[in-house]
Amino acid sequence: MNATTLRPTVTHTIPAEGHSRRVRSLRWEILRTADEVITEGTFHYGPQTERLEELMRDRWGGHAVATTSCTQALMLALTAAGIGSGDEVVVPAATFTATAFAVSAAGAVPVIADVHEPTLTLDPASFDKAITGRTRAVIPVHLHGHMADMPAITTIAKAHNLTVIEDCAQAAGASLRGRAAGTWGDYGCFSFWVGKTIGGLEDAGAVITTTPERAELLRRLTNMGRDTTDRHLHHVRGTRARLGEFNAGIVAVELNLLPTWLKRRRQIADHYNRAFAHLPLTTPVTLPEHVHALYKYAITCSDADILGTHLANNGVQAEQVYPYLLPDQPAFSGIEHRSHVTAQSQPAAQRLCLPAYPELSDDEVDHVIHSVTTFYN
Ligand SMILES: Cc1ncc(COP(=O)(O)O)c(C=O)c1O
């Protein structure tokens, strides 16, 4: 990567996301995992799932329970916390709809609060204002891999006796003051969908919680309310949400590679930050005491649409994430909710994400820089 001698040397289109490349690069590990599962003959709650849960515990702390997605993880956490009909749960305006859909699916009402700059995560002041006598929980989202203001959010939650469920779908590997994403709240919900920084071959997820008892309840909930010891005894109303051994094994392989991949993400982000420092755009920040998981490299600029088109014409796929705030999604016209969203959250709809994943070659990184720079020149 050499920002001083920029030449457009790449002739193919650079995809917005790198997971197809990642999966291809792990072909042999994935096939070996499939072989291990076939040999073992156990397809759920076996050695691969145990290994994944142990690895999560070793890396991040807490007690991990594997499940089929982060959407499911959020629903399991809400159910385990006893949240349902008549309850309200505060969520941020800028997130994937799953954060609020899970609240609604659990029978509770999503209450949408503002996000704040520079991270576009839940604004503690807006969260505080949104609390009523019916509020039972809050779901801060660690957007793009940067954690929300957890010290402020947990302080407010504690004062109102609220459950804290962290949406860590985008934040595997993020931390604040040395404490991992997912271990600040009562529950931390992860997505291991193939398109995240680490994932299975398709959908996967996990919940981290604070005690073995809570983990046991969550595990029962993934298994139709049963323990793994007696398949005919249902202790609680559960659901079908157990992660298969094959996907669990792949996620475990990728969790071991995460530190190396994060290093490369950071190297690319630092390189972009330096190259764009003189341009009229804002690069992603990492606030003091935070480790950013860099799931997305999101820039803010006044003409994101036109820049996006220019990049596409230069073979660079860039994506606006999230162009619609939750209350502006048509789905919410049919979903009971309350919105406290103001113009403060609007900048969230203007972020443009550049390709910045570990599988990019140095030439591709230089090509992205060249394409952004020529737009402004
Ligand atoms: C912030 C956020 N929450 C929840 C989810 C849902 O995750 P999953 O696709 O694993 O259900 C996602 C996934 O994209 C997400 O980005």
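The following exercises concern a predicted model.

**Exercise 1.** Determine how helix H9 and helix H11 are oriented relative to each other, and identify the residues that form their contact.

*Solution.* Begin with the geometry: H9 (residues 245-275) packs against H11 (residues 362-376) at an angle of about 25°, and their axes lie 11 Å apart. Angles under 35 degrees count as roughly parallel. H9 and H11 are therefore roughly parallel to each other. The handedness comes next: the crossing of H9 past H11 is right-handed. On the H9 side, the contact is made by Ile268, His271, Tyr272 and Ala275, while H11 contributes Val365, Ile369 and Thr373. Sorted by class, this contact of H9 with H11 holds five nonpolar and two polar residues, and no charged ones.

**Exercise 2.** Describe the open sheet and state which strands stand at its edges.

*Solution.* The open sheet consists of eight strands in the order S1-S11-S10-S7-S6-S2-S3-S15, with mixed pairing. Strand S1 (63-67) and strand S15 (338-339) each have a single partner strand, so one side of each lacks a neighbour in the sheet; these two are the edge strands.

**Exercise 3.** Characterise the shell of residues around the ligand.

*Solution.* The ligand is surrounded by 15 residues, of which the closest are Ser69, Cys70, Thr71, Ala169 and Ser191. Helix H4 (70-80) and helix H5 (98-105) are the elements that give two or more residues to this shell. By class, the shell comprises six nonpolar, seven polar and two charged residues.

Methods:
Residues are numbered from 1 along each chain as its sequence is written. This is a predicted model: local features need pLDDT of at least 70, side-chain atom pairs count only at pLDDT 80 or more; totals for chains, interfaces and linings use all residues. Axes are lines fitted to C-alpha atoms, for helices over the stretch in contact, and angles run from 0 to 180 degrees between N-to-C directions. Helices (H or I, at least four residues) and strands (E, at least two) are DSSP runs, numbered from the N terminus. Angles under 35 degrees count as roughly parallel, over 145 as roughly antiparallel, 65 to 115 as roughly perpendicular and the rest as oblique. A crossing is left-handed if the near helix is turned anticlockwise from the far one by less than a right angle, and right-handed if clockwise. Two residues are in contact if their C-beta atoms, placed from the backbone, lie within 7 Å. Ala, Val, Leu, Ile, Met, Phe, Trp, Tyr, Cys and Pro count as nonpolar, Asp, Glu, Lys and Arg as charged, and the others, Gly among them, as polar. A residue is near a molecule or strand if its C-beta atom, placed from the backbone, lies within 6 Å of it. Two strands pair if DSSP finds at least two bridges between them.
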